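Let's walk through this model together and ask, term by term, what stands behind each label.

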Amino acid sequence: MAFWRLFRRNRSAVFGLAILVAVLVLAATASMLFPGDPFKLAGQPMSAPGTNGFLLGSDTLGRDVASGIAHGAQTSLLIGALATVVAVMLGVVFGGLAGYYGGWIDDVLMRVTEVFQTIPSFLFAILIVAIIKPSISSIVIAIAVVSWPAVARLVRGEYISLRHREFVQACHITGMSDARIMLREILPNCLSPIIVAGSLMVATAILIESGLSFLGLGDPNIISWGFQIGAGRTVLRSAWWVCTFPGVAILLTVLAINLVGEGLNDALNPRLRERS
Amino acid sequence: MKVKKPPLLDIRNLFVKLPAGAERSHAAEDLNFTLEENEILCVVGESGSGKSITALAVMGLLPAPHVRVESGDILFNGENLTRASAERLRKVRGGEISMIFQDPMTALNPVLTVGKQIDEVIRIHATLQRGQRRDRALQLIGDVQLPNPDRIINSYPHELSGGQRQRAMIAMALAMEPKILIADEPTTALDVTTQAQILQLIKHLQKSHNTGVLFITHDFGVVADIADRVVVMQHGRMVEINAANEVLNNPRHAYTKSLIRSVPGLTPRKARPISGRQELKVSNLTKIYRSGGGLLGFSGREHVLHATDSVCLTLHHGETLGVVGESGSGKSTLARCIVRLINADAGQILYQGTDLRPLNRAAMRPYRAKIQMVFQDPYASLNPRKKVGHIIADGPVSLGATQLDAEKKASEMLELVGLDVRAFERYPHEFSGGQRQRIGIARALTLEPEILVADEPVSALDVSIQAQILRLLADIRDRLQLSMIFITHDLRVASQVCDRIAVMRLGKVEEEGATADLFANATHPYTRELLDAVPGRDWRPPEQ
Amino acid sequence: MNQTVKRFRYAMKRLAQAVPIVLAIIVINFFLLHLAEGDAAVALAGEAGSATPEYMAQLRQKFGLDKPLPVQLGIYLKNVLVFDLGFSFRHNMPVAELVFDRFMPTLLLMVSTILIAVGFGVLLGLLAASGLNTWRDTFISVFALVTYATPLFWVGLMMIILFALNLGLFPTSGMENFAAFHEGWDRVKDIAHHLVMPTITLSLFYLALYTRLMRSSMLEQAGMDYVTTARAKGLTERRIVFGHILRNALLPVVTMAGVQVGALIGGSVIVESVFAWPGLGMLAFEALFSRDLNLLLGIFLLSALLVIAINLVVDIIYSFLDPRIEVG
C-alpha cells in the first residue's frame, strides 16, 4: 500500500508503532497474563523486583506492580482513545461551523474557544472530575472538555483556507447544499491534519489521565498507572520500583504514540503543507 | 596577448544537474551565452524551461546539494565563478552581481524596515560610518523614484504597495553599483501600469550606470520593451539566441516561432454581428466591504471599501463582454456577485427580466444552471480528493439529475473540451494545468448554461496553453450559442476574445465600448494609461 | 501618533478584550458550583458539617439561593467583583485571603519556568536547526522527544530520588528552610535553592515543546524567499541566521508561549504537590483532599486571571517583534 511505503520511510515512526503494538498486546492479554483483580494482595508487601515471585516488585499493600501495569495499559489506552474521539468530534463541529460560516457565528464560537483556552486546563479538568465524581466517564469528559479547543482552531483554520478555494465556490454555483459542501467537499481535504492532531492528542490525553489519577482523581475501581505512582510516592525512599516502572510505562506509551503521530504527519502531508 | 576585454559574463557549456527522481536529469543543458556591459539580455521561456535556475547558478545560489552545477564555466570578467571560494562568491553577491526577484512581498524580510535592509548591503560590502550609510540609503531610495525617502527608510515592507516594494528591492540591489543585475521576472507579480513604470526604471538605471542586465521573463511583450538581445530556452536548452529585433520579428527556431504565434496580438479582432437581445443586464450593482470598527470602536477606525460601485453593464446574446482592470478594480467581485457567490448590497442583476440579486437560496436554484463560472487557478478549482468524473457530474446531481444521466453528460462534456473519456476515473493531480482548465470548463458546461462567467481563465497558464484554451472557449461559445463575461487584466487577451470591453477601476466602470473602438479611440485617461502600459505595445507579432 | 502612545492604546484594547473572557470564566465558575451535588451553600461552606447552621442560613441569604438562577448569578458576579470568594472552613480563613497568600510562590515558579523553558527551548531549537542532521541535532531532538513524553510528576519523583535522596544536592520539598531563619540575601539564596528542582521539573515538558517548535520554525523560515534575498545580498550565513531568520522564527514560539500559560499553571498543581511548594497548586491539592470546593473555585478563578495577565504581557512583547501587528 502506498501509505505504508511512505510511513515506513520514517524509521522512528516504525519503532514507535512497534512499541505501541506491544502495549496494545499487553493490554489485550492482561487478564490472561495476570488473572484476577490487580488491586488484591498478591504476596509479600514491598518486595523488590525479582523477589517473592514479583517481576517488578510489589507495593505497600502487596499488590503486584507488573499486574497493575498490564491492567493499567487498558485504562490508559481506553481513556486516551475515548477522550480523543469526543474532543475531535467537538472540535470538528465547532471549528468547521466557525470556519465555514465566518461572520458572527465565527466570532461567537471563537470567543467560546478562547475562553476554554484561557482557563488553566488541568485545573479545569480537576474541577470537573472532582465535581462529577471520579469515574471513567467523568475523566473522559474532563479531558475532552479541555482538549477540544486545539482541534477547533485547527479545523477552523483549514475550513477558512478551503472555503474560498475555487473548487468550493464551484460547488456553490452548482447549487450544492452547505451540509454537503462541508462534509463531502471540505472535510476530506482536511482529514490528514485532523488524523495527525488526533493521534498526538491520544498521547496528551494519556498524560492528563495519569496526572489526574496521580492526584487521586482516577476511577477508584480501575487500576491505572498514575494511581500506582501516586500510591508509591510515600515509599519513594524504601521502594523506588513502585513509582519507577509505571512511569516508564507511561513514558514509552506516550513516546510511541508521538512517534507514530509524527510518522503519520510525514506520510500524509508530504513536504510543508501550505499553512493557513 | 589579448587586447579585447573579456565579456562581463561568459557562460560556457553550463550543465546544471537535477536530483535523481526529478522530471529530467538536468535543469540546464549546454548553455552558452555572454552578457556585455550596458546591455539587457532577456532569457525567455515557459515554466520549467530552466531560466530561473540559470539565474541562480550565476549567483551561486542553487539549492545545494540537490541542484548543482555539473560542468561548464561561468566567467565573470574572466574569473570563473564555478571555481570561486564561498567567501569570494559572497563578496561578489550583492557587491558586483546583484539580483531582484518576482515577488517583492516575500523577497523582503517582513520584520525589518526597508532602510535596515538596504543598510545591510552597504555595511557588508563597504566600510562606511552609520551616517554615511544612511545618506547613501536615502539617495538610493530617491534614485528609484520612491516618494518621501525619509518616511520610506523607516517603513516596513507591508506598509508599501507592490510597486514600491519592488523599487525598494531595486534600491537594495543597486546599493553597491553592481556590474550585473539579474532580474528574475521582476514585474510578473505587478499590475500592468506599475509594470511599465518598473521596466522604465530598470532601463533608465541600467543606461545611467552601464550595468549589464540579465532579465528573466516569460512575456514577449516585456522582451519587446526592454531587451537588447534574447536567449530563448526550452526544457533546459537554449534554442535560439539573437538580437531582440531578430527574435521578435524574424524568429528562426520552430519553438520560438510557435511561442510568438501564441502571443495574442494587440490588434482587435474583427467585429462580429451581435444580436440585439439582452441576456443579462446589471444595473447599479454595489458591494461594500467594511472592516474595523467593531465593539466600542476598539478595532480602530472603520474602513469602508466599495468593491463594486454602481456598476452597470449589459450582456447581449452570443456576445463576449470583457471586463478589464488591475488588481483591486473590483472585476472579480463583480463576477462573483453575478453568479451569486457574493451577495451584492444594492442594484439589480436582471436575467431575462428576473432580478436575481434579491433571490434567496431556494429561489435562486432554478437559475443556478443558467449562469456558470470558469475559474482562474487550475490547481485550486478542482477538488483534489475527487475523481474528475464526479467533479463534473456533481453539478447536475445537486440540481436534481440522476447519477446515471449526470455521468453520461459528464462524459460527453469531457469529449467536448477535448479530453479522453478515460479522464473520468482519474484524479485532478494526474493532469497538467491546461488539461485541468479544460476539466473546469467541462464542469461549467454540463449544466447547459446560457451565460459563462470566466474569471481570468488563462492567467495562470503558459502562453502556448493559453492560446489553446482561448480557442476552445471561442469554439464552445459559438457552438453552444453562449454569452460570455470575460474577466481579465490582460488587454492583449481581451483584444482577441471580446466583442465589447468595460474598463474598471476602484469598483467603477470607467469606460465601455466595442473592442476595436475602445482600442482606437479611448476617451477616458485611465483607459489610455492602461493601453499605453501594455508591454510591447509597439510590437506587432509577425503574421505567419 | 507617538509609538508609545499607540502601544499603550493597543495594551488597553487587549485589556478591554479580556473583560468578556473574565466574565465568561466567572459564569463557568458559577455553573460548576451549581453542578456540584447538593445545596450550593454546602459547597460554598466547604466540607459539609464543618459549618454552623447559622452560617449556612446566612450564606443562603447572602447568595440568594432561594431566588431564580439568573438572580443568583448576578449576586455571585457582584461578590466576585469585590473579591468576596466565600469562606474556607478547613483553613478558617476567607478564600480570597488564602489564595492571595499563596499567589506569590506560584508567580515565582511560573515566571522562572517560562523564562527557562522559552529561553533554553529557543536556544536548543536554534542549535538543532543550525546543525541539521548532525549528532547535535539528533541528540537535542531525541532529548526533546523523550521529555515531551514524560509525565511531570514522575520526573519530579525521579529527581527527588536522584538529586535529593541519593546525591543530597537539593532539598526535597518546601520553599525555604524556616528553621534556619535566613534573612536578606541568604533568604533569597535559600529560596532559589529550593526553586531549582520544581522549576526544572515544570519546565522540562515545555522546554521540549519550544525546542521542537523553534527547530521546525527555523527550518521553515530558512526556506523563505527573503532568505534567498539575504544570500543574494552577500550576507554571511551567521548574519542571515541571527539578523533575518531568528526574529521571524521566534514569532510562533512567542505565540505558543502565550497559549501554553494556561496549561503551565495546571502543571504547577502537580509540581507543587510533589515538591510541597506552598503555592496555589499545592493549595488546590489540599482543597481537593478536604473537598473544599469553594477554595478550589477561588484558586481556579485567580489562576485564570493570572493567565490573562501573562497573555497580555505576551501580546505586548509580540507587538514589538512583529511590525505587522496593527498597534494603532
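Q: Which residues of chain A have pLDDT under 50?
A: Those are residues 271–276 of chain A, for which the model has 5 contacts beyond four places in sequence. Where pLDDT is low, the predicted coordinates should not be read in detail.

Q: What are the corresponding values for chain B?
A: Chain B has a mean pLDDT of 91, with 97% of its residues at 70 or more. In chain B, pLDDT stays under 50 over residues 293–298, and the model has 6 contacts beyond four places in sequence for them.

Q: What makes the phi of B:E177 worth a look?
A: Most residues other than glycine have a negative phi. For B:E177 phi is near 45°, a positive value in a residue other than glycine.

Q: Why does B:N210 count as exposed?
A: The cut-off for exposed is 12 or fewer C-beta neighbours. B:N210 has 12 inside 10 Å, so it counts as exposed. B:N210 lies in the loop between helix 8 and strand 8 of chain B, and its phi, near 60°, is positive in a residue other than glycine.

Q: How do you know that helix 8 of chain B has close to its expected span?
A: Helix 8 covers residues 192–209, which makes 18 residues. From its first C-alpha to its last it reaches 26 Å, close to the 26 Å expected at 1.5 Å a residue.

Q: Which residues of helix 8 of chain B are called buried, and what do they pack against?
A: Buried takes 20 or more other C-beta atoms within 10 Å. In helix 8 of chain B the label goes to B:V192, B:T194, B:Q195, B:A196, B:I198, B:L199, B:I202 and B:Q206. They pack against several elements of chain B, including helix 7 (162–173), strand 7 (180–184), strand 8 (212–217) and helix 20 (525–533).

Q: How do you know that strand 7 and strand 8 of chain B pair?
A: Pairing needs at least two bridges between two strands. Strand 7 and strand 8 of chain B are joined by 5 bridges and run parallel. One of the residue pairs is B:I182 with its bridge partner B:L214 in strand 8 of chain B.

Q: What makes strand 6 and strand 10 of chain B edge strands?
A: They belong to an open sheet of 6 strands in the order 6-7-8-3-9-10, with mixed pairing. Strand 6 and strand 10 (237–243) each pair on one side only. Neighbouring strands of this sheet are turned by 15° against each other on average, direction ignored.

Q: What is the order of the 4 strands in the open sheet with antiparallel pairing in chain B?
A: The order is 2-1-4-5, and its edge strands are strand 2 (26–35) and strand 5 (79–80) of chain B.

Q: How do you know that strand 1 and strand 4 of chain B are paired?
A: The requirement is at least two bridges. Strand 1 (residues 9–17) and strand 4 (residues 68–76) of chain B have 7 and run antiparallel. B:R12 stands opposite B:D73 in strand 4 of chain B.

Q: What does helix 1 of chain B lie across?
A: Helix 1 (residues 51–59) lies across strand 1, strand 2 and strand 4 of chain B, at about 65° to strand 2.

Q: How many residues of chain A and chain C are in contact?
A: Contact calls for C-beta atoms within 7 Å. On that basis 33 residues of chain A are in contact with 37 residues of chain C. Helix 12 of chain A gives the largest share of chain A's side, 8 residues. That side divides into 22 nonpolar, 7 polar and 4 charged residues.

Notes:
Residues are numbered from 1 along each chain as its sequence is written. Chains are lettered from A and ligands numbered from 1 in the order in which they are written. This is a predicted model: local features need pLDDT of at least 70, side-chain atom pairs count only at pLDDT 80 or more; totals for chains, interfaces and linings use all residues. Two residues are in contact if their C-beta atoms, placed from the backbone, lie within 7 Å. Helices (H or I, at least four residues) and strands (E, at least two) are DSSP runs, numbered from the N terminus. Ala, Val, Leu, Ile, Met, Phe, Trp, Tyr, Cys and Pro count as nonpolar, Asp, Glu, Lys and Arg as charged, and the others, Gly among them, as polar. The expected span of a helix is 1.5 Å times one less than its number of residues. Axes are lines fitted to C-alpha atoms, for helices over the stretch in contact, and angles run from 0 to 180 degrees between N-to-C directions. pLDDT is the predictor's confidence in each residue, from 0 to 100.
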